[in-house]
Amino acid sequence: TEKEIAEQQKKEIEELNKAQNTFFSSMSHEIRTPINTIIGLNEMILREDVSDEVADDARNIRSASKMLLQLINDILDMSKIESGRMEITSVAYDTGAMLSDLVAMVWIRAKEKNLAFHVDVDPMLPMALYGDEVRIKQILINILNNAVKYTQEGSVTLSIQCKRTQKGKMLVTYSVADTGMGIKKENIPYLFTAFKRVDEEKNRHIEGTGLGLSIVKQFVEMMGGTITVNSIYTKGSTFVIELEQDIADEQEIGELNLETRH
Ligand code: ADP
């Protein structure tokens with residue numbers, strides 16, 4: 001019957017999808033292993049007493065292989081999301097430790113570009129929340145790295161505000177503001193499209209794949225949150241993410257001085 005044929009077809013498509021995803025994840029693994037070898041051995045060259053020329057080449061190898069690794073990781077995430085195999089795992093996590101890791105990473109990049117990096121955390125933020133720490137960090141790193149990448153001078157500011165909701169949870173608002181190149185109004189709707197980069201004329205010297213924001217948006221939505229953008233072209237952009245999380249430790253974080261923490 002027609003119904004049986006339709007069901008058979010559906011099953012075949014599902015199997016094909018599954019095979020494709022298995023292929024993707026094993027391929028990604030196969031690619032990641034040698035890239036990590038390259039990165040590791042190259043770091044050893046950089047630590048040796050080599051000529052300026054060799055050191056320069058080695059730094060280029062480092063940046064190219066890191067970029068490749070990022071691309072593979074993003075493709076793997078995309079394929080997991082598309083096949084519905086991406087899961088959000090909430091655990092109790094230490095908010096201060098998470099922020100300190102995050103800030104340490106972005107700090108270095110901002111410093112390399114001579115940008116000021118400000119961090120402003122609501123002292124009422126609970127010491128521990130329930131959430132997918134790994135994905136929340138990934139979201140914030142992506143947005144913060146973009147802010148650094150697309151800003152030539154000035155600053156990047158991370159502010160975190162929180163508000164108790166009726167359900168006794170915390171609505172945490174993470175906002176990342178930069179004084180960079182900004183985004184044209186007509187390009188805003190395309191920002192979160194996979195493989196889409198905007199303003200390419202100006203951005204061609206900035207490395208990127210156009211996958212970051214698409215993954216970020218899907219993670220945020222899987223967590224029941226929202227992401228919005230405000231931007232003035234040539235002046236700067238602000239990305240705002242809202243995520244509601246359960247409180248794991250009522251104790252407040254207080255005044256957090258991340259600069260002295262690391
Ligand atoms: P990419 O790998 O190109 O950085 P993303 O998905 O992270 O990809 O971002 C998509 C596009 O959005 C970028 O190519 C860039 O044009 C624009 N964009 C993202 N963040 C910013 C920002 N802070 N300021 C200006 N443009 C941005």
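**Close-up 1. The charged end of Lys 217 sits over the ring of Phe 192.** The distance to the ring centre is 5.0 Å. A charge sits over a ring if NZ of Lys or CZ of Arg is within 6 Å of the ring centre and within 35 degrees of the ring normal. This is a predicted model: local features need pLDDT of at least 70, side-chain atom pairs count only at pLDDT 80 or more, and totals for chains, interfaces and linings use all residues. Residues are numbered from 1 along each chain as its sequence is written, and side-chain values use heavy atoms, leaving out hydrogens and water.

**Close-up 2. Trp 107 and Phe 117 form an aromatic pair.** A search of the whole structure finds 1 such pair. The arrangement is edge-to-face, with 5.5 Å centre to centre and 65° between the planes. Rings of Phe, Tyr and Trp (its six-membered ring) pair if their centres lie within 6.5 Å; planes under 30 degrees apart count as stacked, over 60 as edge-to-face and the rest as tilted. Trp 107 lies in helix α3 (residues 95–112) and Phe 117 in strand β2 (residues 116–121), so the pair ties together parts 10 residues apart in sequence. Helices (H or I, at least four residues) and strands (E, at least two) are DSSP runs, numbered from the N terminus. Phe 117 is buried at 8% relative accessibility, while Trp 107 is partly exposed at 23%. Buried means under 20% relative accessible area, exposed over 50%, and partly exposed in between (1.4 Å probe, protein chains only).

**Close-up 3. A salt bridge joins Glu 43 and Arg 62.** The N to O distance is 3.1 Å. Glu 43 belongs to helix α1 and Arg 62 to helix α2 (residues 52–82), so the bridge ties together parts 19 residues apart in sequence. Glu 43 is buried at 18% relative accessibility; Arg 62 is partly exposed at 28%. A salt bridge is a side-chain nitrogen of Lys or Arg within 4 Å of a carboxyl oxygen of Asp or Glu. The count comes to 9 salt bridges.

Close-up 4. Asp 56 is partly exposed at 43%, and Arg 59 is partly exposed at 40%.

**Close-up 5. Lys 184 forms a salt bridge with Asp 199.** The closest N and O atoms are 3.8 Å apart. Both residues lie in the loop between β5 (170–178) and α5 (200–203), so the pair ties together parts 15 residues apart in sequence.
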